[in-house]
Amino acid sequence: MAGLPTTAGSRPVADRAVPAERDAACIAGLRAAMDAGQARFVGKTNLHELAYGITGINAAFGTPVNPLDPRRMPGGSSSGSGTAVAAGEADIAYGTDTGGSIRIPAACCGITGLKTTWGRISLEGVRPLASGLDTVGPMARDVAGVAAGMALLEPGFSVASASPQTVGVLALDDTDPLITAAIDDALRTAEFDVVPVTVPDLDRVIMASLIVLNAQAWQANKDLFAAAADQIGGDVRDRLKHASTITAAQITDAEAVIARWRETLDGLWRQVDVLAAPSLLGFAPLLDEVHLLWKLRALTSPVNAAGVPALALPIPVPGREAGPLPASVQLIGPRDSEERLLAAGARLERAVRA
């Protein structure tokens with residue numbers, strides 16, 4: 001953003017950062033709304049260092065506090081954006097999503113977040129993590145707020161008048177039964193036509209997606225690593241070190257798996273309008289349970305690898321008294337289907353809040 005430094009939540013980046021000379025392209029709609037007195041900019045947010053992590057924990061600049069439960073992780077990488085919205089410090093926040101970095105904090109903080117179609121929102125002026133996967137999207141407390149955020153990112157955007165009807169439910173192994181029950185109950189309450197869906201070798205798809213993400217993250221950050229590895233946070237430094245060992249053969253194999261995954265999705269879109277899956281396999285872990293969040297990571301990176309949009313939104317857990325931690329469902333659609341995806345999200349939201 002013009003006049004402000006971009007630090008990426010990283011000490012070595014911050015030490016070298018200077019105020020930006022001009023806005024990133026994606027800020028144009030916000031800037032126009034500010035000039036017209038229709039929006040107010042309240043600040044830049046913290047994040048997981050280099051946008052390369054899913055916990056949101058940042059030792060260099062502090063970890064954003066999860067308003068639902070300060071003992072729990074805010075989720076990352078867009079942790080500051082998620083907590084700012086959840087705490088009511090902003091109506092709309094932007095985040096980047098390369099492998100789940102909008103949807104995971106949305107799930108942890110009980111808000112709504114949209115991972116956009118790859119290439120739909122310009123990345124000009126956005127610090128890259130993995131340029132073939134990076135996306136910019138809005139986060140808000142509800143679907144209406146996300147739609148308003150999309151209208152700032154893409155002036156003229158509006159939610160489709162009619163909601164999709166057929167939802168394919170993708171069951172994932174190791175999902176907390178409470179999450180599964182919440183998704184099933186929400187879809188039933190919203191009166192969608194539900195179709196069970198299975199995808200073969202989903203574990204291979206997830207692994208392939210991470211290989212591609214990590215390989216691109218290394219290319220984006222190898223110069224920083226060479227110059228200041230000792231100043232990078234330990235978790236990110238270790239991930240980059242591992243990423244540096246990925247071979248060309250591994251990338252080729254991973255890309256073949258992803259190509260088949262995209263073909264699978266193309267076939268599914270002929271059967272269902274939207275796919276539903278958990279945003280996380282469980283609930284936000286405690287801050288000292290970092291290893292658990294990695295185990296709870298669900299179908300986020302494969303969505304980035306496919307380039308399609310996905311909406312994460314909170315839903316209640318049936319049979320449990322209202323508590324601080326809702327479940328979160330991820331609605332996934334074909335490329336450039338954000339208008340219809342938000343219509344489905346609004347329908348689901350109305351049903352569970354009725």
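Arg120 and Glu339 bring their side chains together in a salt bridge, 2.6 Å from N to O. A salt bridge here is a side-chain nitrogen of Lys or Arg within 4 Å of a carboxyl oxygen of Asp or Glu. Arg120 sits in the loop between strand E2 (112-115) and strand E3 (136-140), while Glu339 belongs to helix H12 (residues 338-353), so the pair ties together parts that are 219 residues apart in sequence. Shared partners join Arg120, Glu154, Glu338 and Glu339 into one network of salt bridges.

Before going on, a word on the model: it is predicted, so local features need pLDDT of at least 70 and side-chain atom pairs count only at pLDDT 80 or more, while totals for chains, interfaces and linings use all residues. Residues are numbered from 1 along each chain as its sequence is written, and side-chain values use heavy atoms, with hydrogens and water left out.

How covered up are the two partners? Arg120 is buried, with a relative accessible area of 19%, and Glu339 counts as partly exposed at 23% relative accessibility. Buried means under 20% relative accessible area, exposed over 50%, and partly exposed in between (1.4 Å probe, protein chains only).

A search of the whole structure turns up 11 salt bridges. Here are three of them:

| Salt bridge | N to O distance |
|---|---|
| Arg120 and Glu339 | 2.6 Å |
| Asp97 and Arg103 | 2.8 Å |
| Glu21 and Arg22 | 3.9 Å |

Asp97 and Arg103 are both buried, whereas Glu21 and Arg22 are both exposed.

Now for the helices. Helices (H or I, at least four residues) and strands (E, at least two) are DSSP runs, numbered from the N terminus. In helix H2 (residues 28-35), the buried residues are Gly29, Leu30 and Ala33. They cover an arc of only 100° around the axis (taken from the directions from the helix axis to the C-beta atoms), which puts them on the same side of H2. These buried residues pack against strand E1 (92-96) and helix H5 (143-153), where contact means heavy atoms within 4.5 Å. Just after H2, Gly37 has a positive phi of about 75°.

Further along, helix H7 (residues 202-228) and helix H9 (residues 248-268) have axes that come within 8 Å and cross at roughly 130°. Axes are lines fitted to C-alpha atoms, for helices over the stretch in contact, and angles run from 0 to 180 degrees between N-to-C directions. H7 and H9 are therefore oblique to each other; angles under 35 degrees count as roughly parallel, over 145 as roughly antiparallel, 65 to 115 as roughly perpendicular and the rest as oblique. Among the residues of H7 that meet H9 are Leu202, Val205 and Ile211, and those on the H9 side include Ile251, Val257 and Trp261.
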